[in-house]
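Work through the following exercises with the sequence and the model at hand. Each task is followed by a solution in steps.

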Amino acid sequence: MKASMEREAIIFISRGDTMKKIEAIVRVFKLEEVTSALSNMGVKGMTVTEVKGFGRQGGYLEVYRGTTREVRFIPKVKIETVIDDDLVEEVVALLIKVARTGEVGDGKIFIIPVDDAVRIRTSERGADAL
């Protein structure tokens, strides 16, 4: 609940700054490696959310105490960050390098345009608010 409240606190207004929101959905065991790599690259902030879903991986069968059941939604983590436009390709390449296992279910990266961002405490806007 707290994470969703934090996201609601950011106000987006069109100013023409060139920023992108990167949403990466990756395997849970890759979280620490991915967030460390992003921090080392200079990404200033990110939001991490535990999520469940499925794509081509589709789920799997699990046997628990002799009973088989289908696990349709696979646990993943979603990492969200907003960066300057000129860092997008570098961040995407880093995410692919660090999060990839080569198996089905490695995740997805979504790149979303961001018109503006406002830091509530100081009223800074655009890239200065990041």
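The model is predicted: local features need pLDDT of at least 70, side-chain atom pairs count only at pLDDT 80 or more, and totals for chains, interfaces and linings use all residues. Residues are numbered from 1 along each chain as its sequence is written, and side-chain values use heavy atoms, with hydrogens and water left out.

**Exercise 1.** Determine how the buried residues of α2 are arranged about its axis.

*Solution.* Step 1: helices are DSSP runs of H or I with at least four residues, strands are runs of E with at least two, and both are numbered from the N terminus. Step 2: buried means under 20% relative accessible area, exposed over 50%, and partly exposed in between (1.4 Å probe, protein chains only). Step 3: Val34, Thr35, Ala37 and Leu38 are the buried residues of α2. Step 4: viewed down the axis of α2, these residues fall within an arc of 160°, taken from the directions from the helix axis to the C-beta atoms, so they line one face of the helix. Step 5: Glu32 and Asn40, on the other side of α2, are exposed.

**Exercise 2.** Locate aspartate 106 and identify the polar partners of its side chain.

*Solution.* Step 1: aspartate 106 lies in the loop between α3 and β6 (107–114). Step 2: aspartate 106 is buried, with a relative accessible area of 15%. Step 3: the side chains of aspartate 106 and threonine 101 are joined by a polar contact of 2.4 Å (a pair of N or O atoms within 3.5 Å; within protein, one must be able to donate a hydrogen and the other to accept it, and residues adjacent in sequence count only if both atoms are side-chain atoms). Step 4: a polar atom of the aspartate 106 side chain lies 2.9 Å from the backbone nitrogen of glycine 102.
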